[in-house]
Amino acid sequence: MALTVKAAAIDLLSKLGIYVTDPTTATAAQQQDVVIAINWAGQMLQRAGQDFFLRQPMTIGLVNGQQEYTISTGTTGFTVQAVLGPLRLNNQVPLAALLSRGELDQFDRIFLGQTDYGAAQGVPIAYWIEYLNNNQPAGNIEEINVWFAPTPSTNPGIVVAECVFGWTNYTTASIGSTAELPVAMDYTESVFLPLARMAITRSSQFNRLDIKDSLEQDGAQALAQLATAGGFPNVEQPGPDRAVKG
C-alpha cells in the first residue's frame, strides 16, 4: 500500500513527541510544520527524477483533424510530470517517437517522401511530446502537449500513454486525508520518509535530541541516494527543455 498524507503526518508528529491517530488534533503550528516537511521531501524527489513517483496509464481520445493534445492531470487529479513512451494507438500499435519539433514540422517531407510541410491527415504513426512553461502567475506552471503525425483523421480511436505524477503541494486542510501521496511505494520508507523526518527536526516544535542525529543521518543517506539517480538538479537524467508558452 502506498503512503497516505495522514500516515505521513502521524509519523512526523511522533518525531515531535506527539502520538495521535488523527493528525488534525495537533495544534495549528504543529500541523503547519508537518505539512512543510512533507512538501519539502516531495519537492526533493521531484528534483531528482521521475522514477520516484507513481505512474498511471492515460487514455487520449483522438479527434478528427486535431493534431495537438494538452495533458495536465491524471484521472486521480495529480499533476502529470511526464508522458512516457511508447504510446500505443488503440492500446495495441506502438507509435514512433519523433526526436524534435523539426521532425514534426517536416513530417511528410522527411518520413513520407512528400513535398508539403507538416503532417497531412491519416492514421497516426508517430508522436512528439512538447514541454512548456504555460506562463501562468500561480499554480501549475507546466504544460505538456502531445502531437501526432499524421494528423488523426476519421474515426481515429485512442492512444494509451503511461504518465508520471508530479508533486502536489499540500496544506494543513489535507493533513488528515487518506489520499495516497504520489511517491512510488519502493521509495516511501527508504527515501521520502527519511527526508521528511530530517525536515521536521528543523521545526521549532522539535526537542527530541535523543533521535536528532539518527534522523539527520538517515536524511543525508536519502539525499545521497537521490544524487545517484539524477542529482540536484538532474545531471544524468536531465528533464526536458521547457519553452515559455507565448
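I began with contacts, meaning heavy atoms within 4.5 Å. In the protein, 74% of the contacts with a separation of 6 or more are between residues 24 or more positions apart.

A note on what I am reading: this is a predicted model, in which local features need pLDDT of at least 70, side-chain atom pairs count only at pLDDT 80 or more, and totals for chains, interfaces and linings use all residues. Residues are numbered from 1 along each chain as its sequence is written, and side-chain values use heavy atoms, with hydrogens and water left out.

**Overall make-up.** I found six helices and eleven strands in the protein; these are DSSP runs numbered from the N terminus, helices being H or I with at least four residues and strands E with at least two. Next I checked burial, where buried means under 20% relative accessible area, exposed over 50%, and partly exposed in between (1.4 Å probe, protein chains only). Of the 246 residues, 46% are buried. The protein exposes about 12200 Å², and carbon and sulfur atoms supply 51% of that; the areas come from the Shrake-Rupley method with a 1.4 Å probe, and for residues only the protein chains shown count as cover.

**Strand 10.** I went to residues 158-165, where six of the eight residues are buried, so strand 10 is largely enclosed by the rest of the structure. I then looked up its partners, counting two strands as paired if DSSP finds at least two bridges between them. Strand 1 (residues 55-61) runs antiparallel to strand 10, joined by seven bridges, and there Arg55 stands opposite Val164. Strand 3 (residues 80-89) also pairs with strand 10 in the antiparallel sense, over six bridges; here Leu84 has Glu162 as its bridge partner.

**Cores.** A nonpolar core is a set of buried Ala, Val, Leu, Ile, Met, Phe, Trp, Tyr and Cys residues joined through side-chain atoms within 4.5 Å. The largest has 59 residues, and Phe148, Leu181 and Phe192 touch the most other members. I listed what Phe148 touches beyond four places in sequence, including Ile60, Leu87, Pro124, Tyr127 and Val159. Apart from this core lies another, of eight residues, among them Leu104, Ala119, Trp128 and Ala149.

**Helix 2.** I followed its 21 residues (28-48) from first C-alpha to last and got 31 Å, close to the 30 Å expected; that expected span is 1.5 Å times one less than the number of residues. Gly49 follows helix 2, with a positive phi near 135 degrees. Within the helix I stopped at Gln31, which is buried at a relative accessible area of 11%. Leaving aside neighbours within four places in sequence, Gln31 is in contact with Pro23, Thr24, Ala26, Thr172 and Ile175.
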